[in-house]
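Please look through the sequence and the model below before reading on. The paragraphs after them are meant to be followed with the structure open beside the text.

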Amino acid sequence: MALDTVEDYITASRDLLQDTVDSPYRYTTTTLVNALNFALLEIRKLRPDILLDYLTGATVPDFTAANAAPGQDVTVPVDYQYRMAVVYYICGHAQLRDEDNTQDARSAAFLNKFTSQLLQLV
Amino acid sequence: MASDYNAILDLARLRLPGALDGVIQLELSRVLDDLCDKTNAWVEQVAFQSVAGQYSYEIYTVQGDPIRLMNVVDDLDPAVARPWDVFMNYPNVIQFRTAPSVAKTFYANFSIMPDDDFPVTVPTWFWSKYHSLILDGILGRMMSQIAKPYSSPANARIHTAAFNSGANQARVEMLRRYRFRGQGWMFPQGWAARKFSLGGGAVNVAPGGSTVADTSEITVIQLKRRLNESGLLWTIDALIPASPYAETNIIWNGQVTHKQDNLARFIQSSLSWSTAQTIALYTSAAALPGALPPATLDTAAPEVYIVQLKQQLNFLAQIEGVQVVIPGAPDPDVRVVWGGVASAYGDSLSLFIQSTLGYSNAQMLALYIDAFSQERAMPAISANDPDAPTLFTEQLKRQLNVDGVLATIAAVIPADVTDPANIAWTGGITYYGDALSNLVQTTLDYTAAQTQTLYYSAMQLTR
């Protein structure tokens, strides 16, 4: 898995969120795909060069839960150097809704990791 | 080409962790544009057929987009080719100042830059010759971006400075058509700037003190001529006496290492020459004529007009203190012999100006090109300025009469000496736009200093 498609991102995020069993999922696919969309909006602000093809005359890609279905192969246009940052953002954003202190800290850690990976070397 | 292109991209990737290929390639395109613009290193020749009587021609380059028109010649054989007076109003449209009278093939040389093709395309040799230069340009631009993992303002400055320095070197190399000794060394730019402040026949003294005195050795003009022949005058002229009018000889006792021979030592060290080379320079200089060449004018030459050249020199006198008097009345129909290359041998007027000003070939070329844009007509007299506080027509005429040149100039200044209006003059003849001063100076062949003296003397006279 090289984090090419929407499905890849959702699967990788569920691993970190410990939400891999659909009985049902704690975080719905729609929630995680929305977080992926929000990640792209943040990237557009922090590192517009990553979305170079979407700077003129095109909006930032917007995905739906259907794009994450197995076998859809809908590509997320992010350079491989920054794909893990997107996963961290999805996880952090998903955990924002939780209210206990442990989850808050974890959410902040993910979101900070997202930002630092975009703007810094480490 | 592809391997060199990719090699540069690979090196950039190595030094720019986190950078995206698309962005590197975008900056690479801009670097190549900048490089071509600064150096004129990429030239494309386009042949076209003229039509008798037609001034304007639409010409397209194939390999890239035109930056500027270098020249237009009427033959590929340099022995017979003549440069034509042509300019480019906007890219791809060139215009003859005087339309060709017959249909013939012309060759236009354009300085070009890469077009919008992706990936960017330049001649193969670009990648190898300017490898480091291009890399510095990319790194400088990339590292100057804000809020990126590879952002580094300090390193951006270093790489940008290296790029600019390399581009300057490449520009000079191109000017010298990559000849040996074209760019083994460049004098620090702080010294080069002194070329623009020559004036009044002052002797420029380099650290340590270059000296001149009247001995039995070579003259200043001989040395300048010799350096000019070698294309080295521009590198050294700030160190040697500015005015070749000087009758003084240069101290030289046959040994350039002589402890009193500071000038020779400066030349030797500045050019990184051996003692033998410097002795050869002096020896061959001694064989050259010691007097300035007579300036010649040619009414059949197709190039710049004497009026245009004089006006440009006047303009330079105003802004840079350039002091040169060229002989000959400013007849609007007289043209200056100029082969399109300022250093063309046989062009004694060019050599005269170049020797006097210590100009490089590039500066001479710029002088002539700038002169083309000057009006051929004599400048019009500006309206009298009632607010000008000092000089009046009558005073100026009186002074001109004292100087014995009233007859020469009378026709171009207001005839009525009783006219109480002041002459448009703000107290300094360097005021730009003072058409009457310009006219007086042009007509009389006065230097800026002479004109200033004239005005100040006139102010002392009664009205």
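The model is a predicted one, and local features are described here only where pLDDT is at least 70. Chain B holds 17 helices and 6 strands, and of its 463 residues 33% are buried. Among the contacts in chain B that have a separation of 6 or more, 73% are between residues 24 or more positions apart.

The largest nonpolar core comprises 37 residues, and those with the most contacts inside it are B:Ile24, B:Leu32, B:Leu35, B:Cys36, B:Ile134 and B:Ile138. At least two residues of this core come from each of several elements of chain B, namely helices H1 (2-15), H2 (21-39), H4 (131-143) and H5 (153-175), together with strands E3 (65-73) and E6 (105-113). Another core, of 25 residues, lies apart from this one and includes A:Tyr27, A:Val87, A:Ala94 and A:Phe110. Returning to B:Cys36, and leaving aside residues up to four places away in sequence, one finds that B:Cys36 touches B:Ala41, B:Trp42, B:Ile67, B:Ser111, B:Ile112 and B:Met113.

Strand E6 of chain B can also be followed through its pairing. Strand E1 (residues 43-49) of chain B runs antiparallel to E6(B) and is joined to it by 7 bridges, with B:Val43 having B:Ser111 as its bridge partner in E6(B). E3(B) likewise pairs with E6(B) in the antiparallel sense, over 7 bridges, and here B:Val72 stands opposite B:Ala108 of E6(B).

Which residues are buried in H10(B)? In this helix, B:Thr278, B:Leu281, B:Tyr282 and B:Ala285 are buried. Because these residues cover an arc of only 90° around the axis, they lie on the same side of H10(B). An α-helix has 3.6 residues a turn, so residues three or four places apart point the same way. The face of H10(B) turned away from its buried side carries B:Ala276 and B:Thr283, which are exposed. The length of helix H10 (residues 275-286) of chain B can be checked as well: at 1.5 Å a residue, its 12 residues should span 16 Å, and the end C-alpha atoms are 17 Å apart, which agrees.

Finally, the two chains meet in a contact that takes 8 residues from chain A and 7 residues from chain B. On the side of chain A that touches chain B, the residues divide by class into 4 nonpolar, 2 polar and 2 charged.

How values were computed:
Residues numbered from 1 in each chain as written. Chains lettered and ligands numbered in written order. Predicted model: local features only at pLDDT ≥ 70, side-chain atom pairs only at ≥ 80, totals over all residues. Core = buried A, V, L, I, M, F, W, Y, C linked by C-beta atoms within 7 Å. Buried ≥ 20, exposed ≤ 12 C-beta atoms within 10 Å, placed from the backbone. Helix = DSSP H or I, 4+ residues; strand = E, 2+ residues; numbered from the N terminus. Nonpolar A, V, L, I, M, F, W, Y, C, P; charged D, E, K, R; others polar. Pairing = 2+ DSSP bridges. Expected span 1.5 Å × (residues − 1). Arc of directions from axis to C-beta.
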